[in-house]
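Here is a short tour of one protein model. Take a look at it first, then read on.

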Amino acid sequence: EPLEFTGYADLGEDSSSKTDFKKRQMSCYVKDLPKDEIPDSLKDDGKPKARRMSCVQMLKKDKEDESLVNYKNNLLGDLGAIEEEAPAEVEVFSIEFVCQDREEGNIVLNFREDEEMKKAEEFVLKEGAMFNIRITFKVHNDIVYGLKFANIVKKLKITAQKEEHVMGTFAPTKDAHVFNLPEAYAPEGFFQRGSYKGKAMLIDSDGMVHLQFKYPFKISKKW
C-alpha cells in the first residue's frame with residue numbers, strides 16, 4: 001500500500017534522531033501557523049489528501065524490468081542509497097537577494113555558516129531597486145511535492161504584502177537545488193521608506209512547513 005504522509009514525529013528537543021536542520025528551520029504543519037500567515041492556496045478545503053508511493057516503493061517496484069529501472073533512475077536520480085521510507089525533508093542552505101546594482105554584491109543569508117540562525121540582521125534595500133530571491137536547498141529521503149515559497153511583509157504590524165510562488169516538485173539528489181524566484185522591485189516613495197519585517201516560508205502540498213525564517217529590512221534612498 002502506498003506510504004501515507006503523516007508528517008514528522010515530535011521526537012523532543014534532546015532526541016538525537018530529530019534532524020538538526022529541521023529544528024533550526026522551525027519545521028511544523030501549516031495548521032500550526034497563525035491564521036493570517038497561512039497561504040490562501042493551502043487553507044484547508046476539506047478535501048482528503050491524495051496517497052502516493054514513496055521513492056523507495058517506486059524504485060522497488062518492477063525491479064526485474066531493467067529498462068523501467070533505468071527510466072526511473074533517470075527520472076528520480078540515483079537514489080540507491082535510500083533504503084528506508086521516510087518523509088521528505090528540505091534543508092535550506094541559503095536565501096539570497098540578488099541585487100543588480102548593489103556595489104557590495106548580493107545580500108546572502110547563509111544558513112550553513114550559522115547553525116543557530118533564527119533570523120537575519122536588518123539589511124537595506126534601495127527603493128525602486130530590482131532584485132530577485134534565490135534559494136539554495138537540498139531534498140532528503142523522498143520527493144517533495146508542490147513546494148512553494150510564501151512571503152509575508154509587515155510594516156507597523158500591518159500586512160504590506162502577502163505572496164506565494166510555486167517552485168515545483170523536487171526529488172532527493174546528491175547536489176543542491178538552486179531556484180530563482182521572479183524579479184521584483186522594491187517599493188519607492190516617501191511613504192514606502194522605513195523598516196519592515198518579513199517572514200519567508202517553504203511549504204509543500206502535504207501541508208508541511210519546511211522553513212520559517214524572519215528577516216527585518218529597511219527601504220532607503222541608498223543601499
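Which residues does Glu-37 touch, not counting residues up to four places away in sequence? They are Ile-152, Lys-162, Lys-199 and Met-201, where contact means heavy atoms within 4.5 Å. Glu-37 sits in the loop between strand S1 (28–29) and helix H2 (55–60). Its relative accessible area is 12%, so it counts as buried (under 20%, with exposed being over 50% and partly exposed in between, using a 1.4 Å probe and protein chains only).

A word on the ground rules. This is a predicted model, in which local features need pLDDT of at least 70 and side-chain atom pairs count only at pLDDT 80 or more, while totals for chains, interfaces and linings use all residues. Residues are numbered from 1 along each chain as its sequence is written, and side-chain values use heavy atoms, with hydrogens and water left out.

Now for the whole chain. It has 3 helices and 11 strands, taken as DSSP runs numbered from the N terminus (helices are H or I, at least four residues; strands are E, at least two). Along the sequence they follow the pattern α-β-α-α-β-β-β-β-β-β-β-β-β-β. Of contacts between residues at least 6 apart in sequence, 72% join residues at least 24 apart. Buried residues make up 40% of the 223 residues.

What about the inside? A nonpolar core is a set of buried Ala, Val, Leu, Ile, Met, Phe, Trp, Tyr and Cys residues joined through side-chain atoms within 4.5 Å. The largest one has 34 residues, and Phe-97, Ile-135, Phe-137, Met-167, Leu-202 and Tyr-215 touch the most other members.

| Strand | Residues |
|---|---|
| S2 | 89–99 |
| S5 | 130–140 |
| S7 | 158–170 |
| S11 | 208–220 |

Apart from this core lies another, of 10 residues, among them Val-30, Leu-33, Leu-42 and Ala-150.

Finally, there is a pocket to visit. A pocket is an open set of points on a 1 Å grid over the protein atoms alone, where a 1.4 Å probe fits, with protein on both sides within 12 Å along at least five of seven lines; lining residues have an atom within 4 Å of a point. The second largest pocket is lined by 15 residues, with Lys-154, Tyr-196, Lys-197, Gly-198 and Lys-214 nearest its centre. S10 gives the largest share of that lining, 5 residues.
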